[in-house]
Amino acid sequence: MRLSRCAGLIAISITVRSVGAQDSLRFVGGDATTSREVSQIIDAVAAQGLPAGLILSKARFAVAVHTPGPKIVETAKAMAARLVIAKRAIDPHIRESDLAGAEAALSYDVPVDILRRISSARPKEPIAVPLGVLTQLVADRVPAKRAGEIVTDLLRRGATMTQIADLGNNVDADVKIGGYRAVDAANMRYNGLGPHLAPLSAAGTTTEPGITSTAGGPKKP
Amino acid sequence: MTALSPSRPALSSLLLPHPAQTAGLDAKAISRAKLGDIGAFTEIVQAYYARCLRFARAMLVEPDDAEDMVQEAFVRLYRALPRYEERQRFESWLFQILGNCCRTANTVAQRNAARLVTDDALLERIPAETRSDDDALSAWGDSVRHALAEVPEHNREIFLLHYVEGFSYDEIERMTGVRQSALKMRVKRASDFLRARLSRETP
Amino acid sequence: MRSPRDFRDGADPIVRRAIDELRRLPRVEDDAVAAVVSAAATARVLPPADEPITPARERGRGRLLIGGGLVAAAAIAGFLIRGSMSSPPEPVRTAATTSITPAALSAERTAVPIVEQFVFKAPTARHVSVIGDFNRWDASVAPMSRSADGELWSVSIPIVPGRHMYAFMVDDSLLVLDPRAPKSRDPDLGAEGSVRIVGRP
């Protein structure tokens with residue numbers, strides 16, 4: 001079930017806060033109703049201690065691409081719901097960029113347990129880059145399970161943020177320039193990193209249900 | 001007959017730490033600095049700068065580079081701060097970084113220039129602070145730094161860390177990866193050298 | 001901060017006196033602390049992403065950040081450093097200027113941004129900005145500068161690591177994707193944006 005449809009099921013208390021401190025998050029766009037409703041959602045999200053600026057950002061993007069008002073409001077609600085889930089999924093990470101990465105992954109229907117696995121692979125470091133690469137692979141139509149496996153394995157094997165970012169960018173370039181399927185490019189690039197990473201130890205080898213190498217996947221060294 | 005005795009008042013007054021050192025560094029300053037608070041980082045630098053300078057001047061083949069070395073160490077520390085996990089005492093981490101910087105600089109300096117061991121050359125490099133109004137005192141200071149500069153670097157460093165900066169052998173082992181027995185040997189060698197060299201100065 | 005521990009007691013008296021001498025703290029120059037903080041703050045904007053916390057003893061990097069490069073670098077970073085340092089001068093507009101909103105930076109205190117350059121070919125445009133999630137899609141934040149031959153527009157801005165969506169706003173009216181970048185469709189809006197994964201400094 002798409003999370004955007006879950007939006008209504010999650011209770012978000014809507015309070016209208018005073019304008020003062022929220023001026024920097026003021027949304028003005030579309031018609032008056034849209035502005036008011038989106039601003040209320042932003043205020044409610046901020047009141048929960050979540051990075052409401054992300055919703056403002058998405059709303060402004062929506063305006064820039066001429067999105068109809070009601071759709072902007074629906075999007076804001078969906079994001080608000082995803083942010084709540086994102087925060088739980090990547091606990092204890094609380095940086096805005098980490099939450100943004102998790103929310104974006106959720107918007108592409110990445111399962112929560114993949115986010116949890118990435119979060120626990122690097123509990124004390126920023127994870128925006130692996131989350132971003134995960135999201136981009138999924139956006140490129142790599143199956144979420146395989147994308148999650150690749151990113152989690154990279155983290156467990158000690159890959160640096162640079163290596164992970166490079167993999168994501170290289171897969172994009174491979175797809176764009178070479179006409180590869182993203183999943184094939186992703187596997188290729190993952191295998192290519194193999195010699196440069198620690199092997200996946202017995203402890204690190206995942207025994208979680210549902211995660212098995214796909215037929216075309218690489219063998220773990 | 002020695003001109004100085006350990007209980008001489010003037011000497012002990014010189015041991016008063018720099019005012020900034022006694023303004024207790026807020027334990028929270030480190031946490032705040034981790035989050036990118038420049039003000040907190042400034043407090044940290046203020047608290048440790050003098051000690052770092054002291055260490056660098058004693059460590060470096062070219063003591064004039066000490067300010068640059070201290071700066072480099074703090075820059076590296078600041079960059080790595082977000083990942084500092086307090087598994088290690090902050091001071092020992094700082095001096096570990098500083099020690100690495102000094103050792104690297106010394107390697108470069110020694111590769112680039114023949115080491116000048118003449119008395120005159122070493123005297124020129126001694127920082128002005130040690131020249132006080134008390135001539136006898138400054139002569140002693142010169143002798144000490146003179147002698148220390150001739151102690152091999154690996155012995156000198158451990159001697160400084162233990163006796164001057166007050167790190168335990170436990171900590172130094174963790175900082176350097178060198179076994180405690182080896183560390184104690186290095187300190188002993190440095191002490192023996194200093195005693196032999198300096199006892200000539202004090203008949 | 002407690003005073004340093006004292007291990008002198010076990011030492012020979014002459015060595016003890018030598019230690020006393022060596023423990024004298026040097027005088028610190030007035031601007032020394034400020035210079036260090038300034039150098040560190042500037043370096044923070046351009047970090048090597050994966051420097052190990054405990055440098056190996058054998059590592060030979062003796063890179064120093066000293067001297068005149070500081071002020072220029074601080075200007076580029078747009079940092080305002082508290083304390084005795086005055087604010088750095090306004091950045092000079094060149095082919096690759098930098099701009100940063102203090103608000104955006106303060107919202108991201110724990111993630112260290114990486115300077116990213118955006119380049120766009122638009123010979124006939126009058127104004128070009130890059131807009132994206134890193135500046136809340138605000139066209140006024142990151143105006144681009146034209147190259148000398150008038151063909152290319154560029155700007156360099158610090159962006160926190162992660163996946164980012166962006167586009168170019170041409171003449172305040174036309175949103176154009178980056179032909180050199182991959183693009184993705186926003187799942188909520190259906191609209192496309194250019195994608196950049198920031199993570200390599």
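## A sheet in chain C and two contact regions

In chain C, residue C:R146 has C:W153 of strand 4 as its bridge partner. This is a predicted model, in which local features need pLDDT of at least 70 and side-chain atom pairs count only at pLDDT 80 or more, while totals for chains, interfaces and linings use all residues. Residues are numbered from 1 along each chain as its sequence is written, and chains are lettered from A in the order in which they are written.

Strand 3 and strand 4 of chain C pair in the antiparallel sense over two bridges, where strands (E, at least two residues) and helices (H or I, at least four residues) are DSSP runs numbered from the N terminus, and pairing requires that DSSP finds at least two bridges. The open sheet has three strands in the order 1-4-3, with antiparallel pairing. Strand 1 and strand 3 of chain C stand at the edges with a single partner strand each, so one side of each has no neighbour in the sheet.

| Strand of chain C | Residues |
|---|---|
| Strand 1 | 114-121 |
| Strand 3 | 145-146 |
| Strand 4 | 152-159 |

Chain A gives 41 residues and chain C gives 27 residues to their contact, two residues being in contact if their C-beta atoms, placed from the backbone, lie within 7 Å. Helix 9 of chain A gives the most to the chain A side, with nine residues.

In chain B, B:L53 lies in helix 4 (residues 38-59) and counts as buried because it has 25 C-beta neighbours inside 10 Å, the cut-off for buried being 20 or more within 10 Å, for exposed 12 or fewer, with partly exposed in between. Among the residues that B:L53 touches are C:P26 and C:V28.

Technical notes
Lists of a residue's contacts leave out its neighbours within four places in sequence.
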